[in-house]
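Subject: Structure handover

Hello,

Here is the structure I promised to pass on. Please open it first, then read my notes below.

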Amino acid sequence: MDDTPQGKAPRVLIADDNAFMRSKLSEILRDAGCQVVGEAEDGVQAVALYEELAPDVVTMDLVMPEMEGLEAIGRIIDAHPDARIIVCSAMGSDELVSSALEAGALDFLIKPYQVERVVDAVKASMPGAVFLASGSSAMAVHMPPSCLKR
């Protein structure tokens, strides 16, 4: 996935309490050319690893021990307003989706993952990308950061 605006592979932090889901998501992202820089088992680890690793993108589960994903999103966004966070959750109620997006998440993926949807979400989350979707087709369009507002 070197077709990002900066021409580099996105550096991704995965936060999910389920080891199998972390492994599956890591495999999808690596196969797409991303660099998985860290994995967190809970929200506390996600916040700490974000500070340590400064990833380009975070995938965040919502239901985790120690600290829920919504709280972790809030803490990361409070400290780093430009953080790029994609929620990946089995829970996809309208209320949860709205809460995640209001907290600062850029996208919401529902488990089980569709490989193309995961890759598209990461591409679209990169600085300078705008995600355009119409029906079953979607594409990431790269625009200069000066054209975008968070």
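Where is the place of Pro-112? Pro-112 sits in the loop between strand S5 (107-110) and H5. Helices here are DSSP runs of H or I with at least four residues, strands are runs of E with at least two, and both are numbered from the N terminus.

Before the rest, some ground rules. This is a predicted model, where local features need pLDDT of at least 70 and side-chain atom pairs count only at pLDDT 80 or more, while totals for chains, interfaces and linings use all residues. Residues are numbered from 1 along each chain as its sequence is written, and side-chain values use heavy atoms, with hydrogens and water left out.

**Overall layout**

The protein has five helices and seven strands. Along the sequence they follow the pattern β-α-β-α-β-α-β-α-β-α-β-β. Of its 150 residues, 43% count as buried. Buried means under 20% relative accessible area, exposed means over 50%, and partly exposed is in between (1.4 Å probe, protein chains only). The protein exposes about 7,700 Å². Carbon and sulfur atoms supply 51% of that area. The areas come from the Shrake-Rupley method with a 1.4 Å probe, and for residues only the protein chains shown count as cover.

Now take contacts between residues at least 6 apart in sequence. Of these, 57% join residues at least 24 apart. Contact means heavy atoms within 4.5 Å.

Look at helix H1 (residues 19-31) and helix H5 (residues 115-125). Their axes come within 10 Å and cross at roughly 65°. Axes are lines fitted to C-alpha atoms, for helices over the stretch in contact, and angles run from 0 to 180 degrees between N-to-C directions. H1 and H5 are therefore roughly perpendicular to each other; that label covers 65 to 115 degrees. Which residues make the contact? H1 supplies Leu-25, Ile-28 and Leu-29, and H5 supplies Val-115, Val-118, Val-119 and Val-122. These residues divide into seven nonpolar, no polar and no charged. Ala, Val, Leu, Ile, Met, Phe, Trp, Tyr, Cys and Pro count as nonpolar, Asp, Glu, Lys and Arg as charged, and the others, Gly among them, as polar.

Is Thr-59 buried or exposed? Thr-59 counts as buried, at 2% relative accessibility. Thr-59 lies in strand S3 (residues 57-60). Leave aside its neighbours within four places in sequence, and Thr-59 is in contact with Val-12, Leu-13, Ile-14, Ala-15, Leu-25, Ile-86 and Cys-88.

Val-63 lies in the loop between S3 and helix H3 (69-79). Val-63 is partly exposed, with a relative accessible area of 44%. Not counting residues up to four places away in sequence, Val-63 touches Asp-17, Glu-68 and Met-91. Val-63 and Asp-16 are 47 residues apart in sequence, yet 8.1 Å apart in space, C-alpha to C-alpha.

**Backbone points to check**

Most residues other than glycine have a negative phi, and most peptide bonds are trans.

- A cis peptide bond joins Lys-111 and Pro-112, with omega about 0°.
- Ala-54 has a positive phi near 45°. Ala-54 is in the loop between helix H2 (43-53) and S3, and is partly exposed at 47% relative accessibility.
- Glu-66 has a positive phi of about 70°. Glu-66 lies in the loop between S3 and H3, and counts as exposed at 68% relative accessibility.

Best wishes

How values were computed: Parallel < 35°, antiparallel > 145°, perpendicular 65-115°, else oblique.
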